[in-house]
Amino acid sequence: MDETRGIEVLSFAFSANSNSNVEAILHPPNWMLWINFFLVLFMATIFLSLLGWISFYMVEHDFKHKAYFYVLFAMTYTAGVFSPALVMDKFKFLTSSKMLFSMISIINHLKLLEVLMKTYPSEAARNMKSWLVYFSSMVEPSYDNGNPSKAKPGQKTKYIKLIIFKILLGSILVSVGMNSNPKFLPFGDINKRTNIAPDNFEDFKFLFLNNALHTFVFYFIFGTLANIVALMLTIVGYQAKDFFRNPFLLSKSPRDFWGNRWNLTIHGILKRSYFEPVKKRFGTKCGSFVAFMVSGLFHEVLWCMAFKIAPNGFHHFGMVLKFFLMMFLLCCLPWPDQDKIKNGSWLLTLATIIPGLCVAHYFFGAFLNAELFEEVGKLFPYITLEGIQL
């Protein structure tokens, strides 16, 4: 048996057939992938710190000396984007690592637009230290009197427990995905690795189950990385804001899911820079529409950057935008008041997450095309069964 496939931990035979032998093989985390990720975070932090220093100069001088700013910014941005890209190509960084850097770069585009539109958090601009903490982290810090809040007692333990918990649950889901053929399609390759809608209810049912697997694997992996970044902030003494707030257990409406519980770093940027300004002039629904469309375009650009460099990757432009348009329409629907449904609030949670799972293939189609779930899932330990396939 090939040693690179993992560590053999169990072998047994089913009593129903004495000739059948099933081996359970434990695969440890791919440490090279973790090293890739931490190197990317290190390079991104250096890059963002330089951009943060330049952008703070612009903020502090109220956009004076614009020519100096733009020249210095262009030089730093070019070096910050292309130098890591060349390093990652030279040392054969994995696709998921390149995607992580692309994601951080695009998030920083949104923060730079905040600088230009002057919609950044006022507390972050009180001094250089506060600004660099805000600008260089994918998880926003909390603020107290204009300064990043100091980490509370017990925060390190909290994040360590969350990381362990998410790795354990993520490992179970990754094991399900790794035991299927094709990988991460245990309920059948219904959409043929494209974003084509199913033709009948039976296909739709299996597509929904695949979508649920992809959504929760994404949540546990992304949530683990966010908790690691929050832990790093805590270690250096700062209090991190929540990145997720139990979106799949506590959301009581689509607006609650997207506005209070999912990817709160991006939500904060979209709310400050797009929702609030448009809301003041054209109303809440127009503000929400613009925020969802900007989020959709942000993800379209990210997907195009990331999956273009994947060996088998391709992305149908517009699919992610379609997903966010559907989520906007869902948020516009009238929704029961959770205070009036005291004994059935779990029904509101199900009604909130099920519609999103029905159309999640528009969001995750490119992940399957690039076999990214298979690659990034190796961050977690997982078990494969030889002799049986889901």
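Buried means under 20% relative accessible area, exposed means over 50%, and partly exposed is anything in between, using a 1.4 Å probe and protein chains only. With that in hand, take Lys-241: its relative accessibility is 36%, so Lys-241 counts as partly exposed. What you're looking at is a predicted model, where local features need pLDDT of at least 70, side-chain atom pairs count only at pLDDT 80 or more, and totals for chains, interfaces and linings use all residues. Residues are numbered from 1 along each chain as its sequence is written, and side-chain values use heavy atoms, with hydrogens and water left out.

**The big picture**

- The protein has 14 helices and 5 strands; these are DSSP runs numbered from the N terminus, with helices being H or I of at least four residues and strands being E of at least two.
- Of the 390 residues in the protein, 50% are buried.
- The accessible surface comes to about 19400 Å², and 65% of that belongs to carbon and sulfur atoms. Areas like this come from the Shrake-Rupley method with a 1.4 Å probe, and for residues only the protein chains shown count as cover.
- Look at contacts (heavy atoms within 4.5 Å) with a separation of 6 or more: residues 24 or more positions apart account for 70% of them.

**A linked set of salt bridges**

- Side chains of opposite charge can pair when their charged atoms come close. For a salt bridge, a side-chain nitrogen of Lys or Arg has to be within 4 Å of a carboxyl oxygen of Asp or Glu.
- How many salt bridges does a search of the whole structure find? It finds 5.
- One of them joins Glu-114 to Arg-272, with the closest N and O atoms 2.8 Å apart. Glu-114 sits in helix α3 (residues 95–117) and Arg-272 in helix α9 (residues 264–282), so this pair ties together parts that are 158 residues apart in sequence.
- Is Glu-114 buried or exposed? Its relative accessibility is 0%, so Glu-114 counts as buried.
- Glu-140 and Lys-241 also meet in a salt bridge, at 3.6 Å from N to O. This pair links distant parts of the chain, 101 residues apart: Glu-140 is in the loop between α4 (128–135) and β3 (143–144), while Lys-241 is in the loop between α6 (201–235) and α7 (247–250).
- Glu-140 is buried because its relative accessible area is 4%.
- Glu-140 has a salt bridge with Arg-272 too, at 3.2 Å from N to O.

**Aromatic rings**

- A pair of aromatic rings is described by the distance of the centres and the angle of the planes. Rings of Phe, Tyr and Trp (its six-membered ring) pair if their centres lie within 6.5 Å; planes under 30 degrees apart count as stacked, over 60 as edge-to-face, and the rest as tilted.
- The whole structure holds 39 aromatic pairs. Among them are Trp-303 and Phe-367, with ring centres 5.3 Å apart and planes at 65 degrees, so the pair is edge-to-face.
- That pair links distant parts of the chain, 64 residues apart: Trp-303 is in helix α10 (residues 284–308) and Phe-367 is in helix α13 (residues 361–369). Trp-303 and Phe-367 are both buried.
- Phe-323 and Phe-324 have ring centres 5.3 Å apart and planes at 85 degrees, so they are edge-to-face. Both Phe-323 and Phe-324 are buried.
- Lys-111 lies over the face of Tyr-134, at 4.6 Å from the ring centre. To count, NZ of Lys or CZ of Arg must be within 6 Å of the ring centre and within 35 degrees of the ring normal.

- Thr-215 is in helix α6, and it is buried because its relative accessible area is 8%.
- Leaving out residues up to four places away in sequence, Thr-215 touches Phe-248, Leu-357, Ala-360 and Phe-364.
- Where is Ser-251? Ser-251 is in the loop between α7 and α8 (254–261), and with 0% relative accessibility it counts as buried.
- The C-alpha atoms of Ser-251 and Thr-349 are separated by 5.4 Å, although the two are 98 residues apart along the chain.
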